[in-house]
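Me: I'd like to go through this one with you, a few quick questions at a time. Here's what I'm looking at.

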Amino acid sequence: MKLGDERLNDVARALFAIVLALVAVAGALAMLGFAPGPALSALARGSIGSSAALTATVLKSTPLLLTGLGVALCFRCGVWNIGAEGQLLVGALCATAVATRLLPDAPAIVLLPAVIAAGALGGFVVGAVAGALRASRGVSEVISTILLNFIAIQLVALAVHGPLQEVAGAYPKSDPFPAAALLPTIGRWHLGIGIAALLAVATQGLLFRTAVGFRMRAVGLAPRAARFAGISPERIALFTLGLGGALAGLAGAFEVAGVTGQLYEGISPGHGYTAIAVALLAKLHPLAVIPSALFFGALEAGAGAMQREAGVPATVTQVVQGIAILVSATYAVSAGRRHGGAAADAAADAVEERA
Amino acid sequence: MEALLEAAVRLAAPLLLAALGELIVERAGVVNIGVEGTMLTGAFVGFAVGVASDSAGLGVVAAAFAGCAVGALFAFFAIARGTDQIVVGMAVNLLAVGATGLAARALYVGATPSGPTLSSAALPFVGGLPFLGPVLFAHTPFVYAAFGLALVIGFALTRTRPGLRLRAVGEVARAADAEGVPVARVRLVALVLGSGLAGIAGAALTLAQSDTFTEGMTAGRGFIALAVVIFGRWSARGVVLAALFFGLANALQFRAQARGLELPYPLFLMFPYVVTLTVLAFVAARARAPADLGNPYHRERS
């Protein structure tokens, strides 16, 4: 089974990236004078050591899963969406606006869907702005999405200091969500976790079972050949950035409606940036984003314990993310895929030249 | 007015240094979105060495070398291993935030100390001119270095043989290769030099604009430097004007904040990014990037 072998190989390489990143971090900790043993065991205890730790891991993984899916979709089409952070934040902002200002007295049957839809719509708009700037003005989405992240951070600050600030007015945070706007939960597990998992399956289906998904993959593999076949890379980029933004916006809505119950500055510790590591470690494969998100979620959950128990700063997670990105992107891209796309592009160029 | 323009020139300097570095890199055909992380590394290393040696000068040298090292790391992955440049850039940014944060907390338990700074020095003769003196010629060495280097780099890129070879690599790598220009080596050198400048730009933040290091203190300046290169249409002269424009926008923001305008402060903090995005929307379509920008070069096997 050639296909099976290749999959196995991918998994092996992803594990290699993780192990290498953890070993490098342990080495760095030792160099800086922290004892790596207690640090790593605190990391394990805080992420998988108890049922409470496992719940924390799943809760941290959910926004990473949704933003990771959005990033993976975009990267698949050759669209460098670095803006999941801003899309998530605006999603959380819009969800909060609906829950605490627009429809605070609506019954759950109306309010909850409205809150979720507002989150997705907010993220969609932010993504689509970057897509439209690229399609109509030729602005690279790499830069526009990064700038939009900074703008979104200040939009949240503006909201919680202004129109969305709690009525009491004491702190820069929103009013707590009315009960009807909160996601149903079992223990601390909220409905958003299930929706996120379903969306991973749906994204997989979209990408591999539909005509749109085929066009998206074609643009990602060989943009010039795709254009030759009548597919507009700009329109695909706009569509994908909007969709990726909506997924990230949902992540924001689930955070405020399922975990925190209110909006405040710093509601995301950089989920949208971690999402890039999540997507790359999953090799941009929607279903593989689930275990990848769980890994990085565990890392975040464990980092808290590591800081409390071993005194190791939680910023160490970003070092792990950086190394995991480098290793998985460098040693885990199958050469055949890259060269196949380049060959199709070259063929399209050759035909165009002759015409 | 005088104070506003003085602040514009002063605030433009770190952006200009970083953007000049990125200009060299992009003219060689490489997009390095790791400038942000490279600046942050330079800011931290410059500060740490400055504190340890009690010499701001040594700090700057160390920051330059740290930047070069980050550039070499970038080149190892993006040039030697062919990993996507955007991906490597993001990884560099995450690594820099994590590593500098970790090292700062390991080194400075409790409060971060203040370090030495390079102070402003008026240039002889021209420093005494009315108006122009204080605006242009009474600055820290970083400002003089930034504008001086802009002249040198502008000349080198357009009028010298190495500059020509560098641009050839960025425009049509395959043709440059056929002419005997070692594409990979030129890109490596460009990355190391350009990242060295980004390191110095970072040091300007910790050794002149403030006297201490705070986590993530670059706050997106590296990304704005990327926009400065596009706005400046990939020429040294354009980059100088674009950096001055952003410096002025920043100075206006501080001025408005200090005047206590009846506006919420997040609006001020948002201002530079909104300006950048707006400017890009108007100039990006007309600007022409180097033709081989962002394309990894694989030599054909014969």
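Me: Which helix of chain B is Thr100(B) found in?
Reply: Keep in mind that this is a predicted model. Thr100(B) falls within the stretch covering residues 85-107 of chain B, and that stretch is helix H4.

Me: Is Thr100(B) buried or exposed?
Reply: Buried means under 20% relative accessible area. Thr100(B) comes in at 5%, so it counts as buried.

Me: Leaving aside neighbours within four places in sequence, which residues is Thr100(B) in contact with?
Reply: Contact here means heavy atoms within 4.5 Å. With those sequence neighbours set aside, the partners of Thr100(B) are Leu40(B), Thr41(B), Phe44(B) and Phe213(B).

Me: How about the contact between the two chains: how much area do chain B and chain A bury between them?
Reply: The contact takes 44 residues from chain B and 41 residues from chain A. Carbon and sulfur atoms carry 81% of the buried area. The area itself is about 3,800 Å².

Me: Which three residues supply more than any other three of the area that chain B buries against chain A?
Reply: The trio supplies 18% of what chain B buries against chain A. Its members are Leu94(B), Leu102(B) and Leu277(B).

Me: Over to chain A. How many helices and strands are there?
Reply: Chain A has two strands, and its helices number 14.

Me: Why is chain A called as compact as a globular protein of its length?
Reply: The globule rule gives 20 Å for 355 residues. Chain A is close to that, so it's as compact as a globular protein of that length, with a radius of gyration of 21 Å.

Me: What share of the contacts in chain A between residues at least 6 apart in sequence joins residues at least 24 apart?
Reply: For some background, buried residues make up 54% of the 355 in chain A. As for those contacts, the share joining residues at least 24 apart is 77%.

Me: How many residues of helix H11 of chain A are buried?
Reply: H11(A) runs over residues 271-281 and is mostly covered. Its buried residues include His271(A), Gly272(A), Ile276(A) and Leu281(A). Of the 11 residues in the helix, the buried count is 10.

Me: Last one: how far apart are the mean positions of the positive and negative charges of chain A?
Reply: Chain A has 22 positive and 17 negative charges. Their mean positions are separated by 6 Å.

Definitions and conventions: Residues numbered from 1 in each chain as written. Chains lettered and ligands numbered in written order. Predicted model: local features only at pLDDT ≥ 70, side-chain atom pairs only at ≥ 80, totals over all residues. Heavy atoms only, no water. Helix = DSSP H or I, 4+ residues; strand = E, 2+ residues; numbered from the N terminus. Rg over C-alpha atoms; globule rule 2.2 N^0.38 Å. Buried < 20%, exposed > 50% of the residue type's maximum accessible area, 1.4 Å probe, protein only. Lys, Arg positive; Asp, Glu negative; His and termini not counted. Charge placed at Lys NZ, Arg CZ, Asp CG, Glu CD. Buried area = accessible area lost by both parts, 1.4 Å probe.
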